[in-house]
Amino acid sequence: MNKTSRTPRFLSAAAGIALFALAACAPDASQSLVSDTGLNAVTTVGMIGDVIANIGGENIAVTTLMGPGVDPHLYRATAQDIQTLQNADIVFRGGLLLEGRMGEIFDRLDESVPVITMTGDIPEDRLLMLDAATNYPDPHVWFDVSLWSIGAQTVAAALTELDPANAQDYAANAAAYLEKLAALDAYVSEAVSTIPESQRLMITAHDAFNYFGRRYNIEVTGLQGISTEAEAGVQDVQNLVSLIVEREIPAIFIESSVPARTLQAVQEAAQSRGWDVNIPQELFSDAMGDAGTNEGTYIGMVIHNVATITTALGGSMPALPELLANYSDVIARAALPRQ
Ligand SMILES: [Zn+2]
């Protein structure tokens with residue numbers, strides 16, 4: 001499929017109402033679509049929407065413009081998106097050029113609606129640079145759970161300022177959610193550390209996992225550049241195949257929002273050199289799983305990824321901590337072979 005011709009899915013207000021019946025059955029669904037105060041938050045990617053839903057609780061309705069499988073680097077806002085943004089009480093974006101083609105829209109919007117940058121309070125010295133040439137920060141901060149926790153506090157502060165009458169709710173919700181994120185951060189560390197050291201190398205289709213690698217002590221190599229717009233060259237593929245064969249790396253990883261074909265070419269080239277490299281289930285990189293499933297939440301997407309990575313590279317998943325016990329279905333599903 002041509003990347004630029006993909007049809008982005010988004011929740012319009014009308015679609016949101018239709019989906020409410022589904023969302024109501026699933027406590028972890030990222031779209032909370034009714035609100036007593038009538039305050040509407042609109043955001044770009046699902047990971048941010050889920051944080052807003054967890055902290056906003058019943059006080060805030062959340063609309064997420066980009067659904068499962070959508071690539072935020074390439075996403076262009078539709079006319080309806082712009083209307084949804086203009087009707088919002090508050091707008092959250094990832095920032096750091098995550099929404100590479102929406103910058104002007106946010107600049108214009110900021111004159112009438114508060115636009116909060118979720119990554120805005122992360123200290124600069126904790127950001128990774130994309131490369132020396134551009135000297136611009138890597139936007140994929142959500143795979144370092146400790147950095148995403150800073151973003152969650154930014155969300156809590158923004159909702160409190162917007163709606164001070166419900167400040168106590170936001171404080172309580174944020175405290176409970178941050179406690180879960182702290183448990184998640186420790187759990188991911190523990191899981192990755194079970195991977196044999198020589199195999200602790202993660203090869204993916206684009207550079208979405210550098211924060212993950214730094215935080216959880218696993219080497220990360222992406223085939224494409226940081227943005228999904230760049231295509232991998234023949235030489236890149238050959239270098240990667242040599243690395244896989246020499247280090248006897250058991251698996252490489254594809255992502256839900258990036259076409260699989262380049263890494264399938266790597267797999268075939270390794271096979272022709274006598275090394276079978278597995279491609280397990282897709283990782284979530286820039287989008288979450290389906291609404292109404294645990295994978296359709298930020299915590300669930302991280303657990304899916306760490307379970308897939310750890311198991312495929314020869315580690316073993318530790319027992320989930322009590323606070324995350326209801327995500328065991330995610331680990332079970334991640335162990336299934338790719339369809
Ligand atoms: Zn990305």
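Student: Why does Leu-96 count as buried?

Tutor: Leu-96 has 20 C-beta neighbours inside 10 Å, so it counts as buried. The cut-off is 20 or more other C-beta atoms within that distance. Bear in mind that this is a predicted model.

Student: Where is Leu-96 found, and what is its phi?

Tutor: The general idea comes first. Most residues other than glycine have a negative phi. Leu-96, which is not a glycine, has a positive phi near 55°. Leu-96 is found in the loop between β3 (90-93) and α4 (103-109).

Student: What is the phi of Leu-97, and is Leu-97 buried or partly exposed?

Tutor: Leu-97 is not a glycine either, and its phi is positive, about 65°. Leu-97 also has its place in the loop between β3 and α4. With 19 other C-beta atoms within 10 Å, Leu-97 is partly exposed.

Student: How should I read the sheet that contains β3? What is its strand order?

Tutor: The sheet is open and has 4 strands in the order β2-β1-β3-β4, with parallel pairing. Its edge strands, β2 (60-64) and β4 (115-117), each pair on one side only. On average, neighbouring strands are turned by 25° against each other, direction ignored.

Student: Over how many bridges do β1 and β3 pair?

Tutor: Strand β1 (residues 39-43) pairs with β3 in the parallel sense over 3 bridges. Thr-43 stands opposite Phe-92 in β3. Helix α5 (residues 145-162) packs on this sheet and touches β1, β2, β3 and β4. The direction of α5 makes about 170° with that of β3.

Student: Which residue lies 6.4 Å from Gly-49, C-alpha to C-alpha?

Tutor: That residue is Val-62, 13 residues from Gly-49 along the chain. Gly-49 is found in helix α2 (residues 46-56). Gly-49 counts as buried because it has 30 C-beta neighbours inside 10 Å.

Student: How do I read the two faces of a strand? Which residues of β6 are covered and which uncovered?

Tutor: Take strand β6 (residues 219-222). Val-220 and Gly-222 make up its covered face, while Glu-219 and Thr-221 make up the uncovered one. Strand β5 (residues 201-204) pairs with β6 in the parallel sense over 4 bridges. The bridge partner of Leu-201 is Glu-219 in β6.

Student: At what angle do α6 and α10 pack?

Tutor: Helix α6 (residues 167-192) packs with α10 at about 5°, and their axes are 10 Å apart. An angle under 35 degrees counts as roughly parallel, and α6 and α10 are therefore roughly parallel to each other.

Student: Which residues of α6 and α10 meet?

Tutor: An α-helix has 3.6 residues a turn, so residues three or four places apart point the same way. On the α6 side, the residues are Lys-180, Leu-184, Val-188, Ala-191 and Val-192. They meet Ile-299, Val-302, Val-306 and Thr-310 in α10. The residues of this contact divide into 7 nonpolar, 1 polar and 1 charged.

Notes: Residues are numbered from 1 along each chain as its sequence is written. This is a predicted model: local features need pLDDT of at least 70, side-chain atom pairs count only at pLDDT 80 or more; totals for chains, interfaces and linings use all residues. Axes are lines fitted to C-alpha atoms, for helices over the stretch in contact, and angles run from 0 to 180 degrees between N-to-C directions. Angles under 35 degrees count as roughly parallel, over 145 as roughly antiparallel, 65 to 115 as roughly perpendicular and the rest as oblique. Two residues are in contact if their C-beta atoms, placed from the backbone, lie within 7 Å. Ala, Val, Leu, Ile, Met, Phe, Trp, Tyr, Cys and Pro count as nonpolar, Asp, Glu, Lys and Arg as charged, and the others, Gly among them, as polar. A residue is buried if 20 or more other C-beta atoms lie within 10 Å of its own, exposed if 12 or fewer, and partly exposed in between; C-beta atoms are placed from the backbone. Two strands pair if DSSP finds at least two bridges between them.
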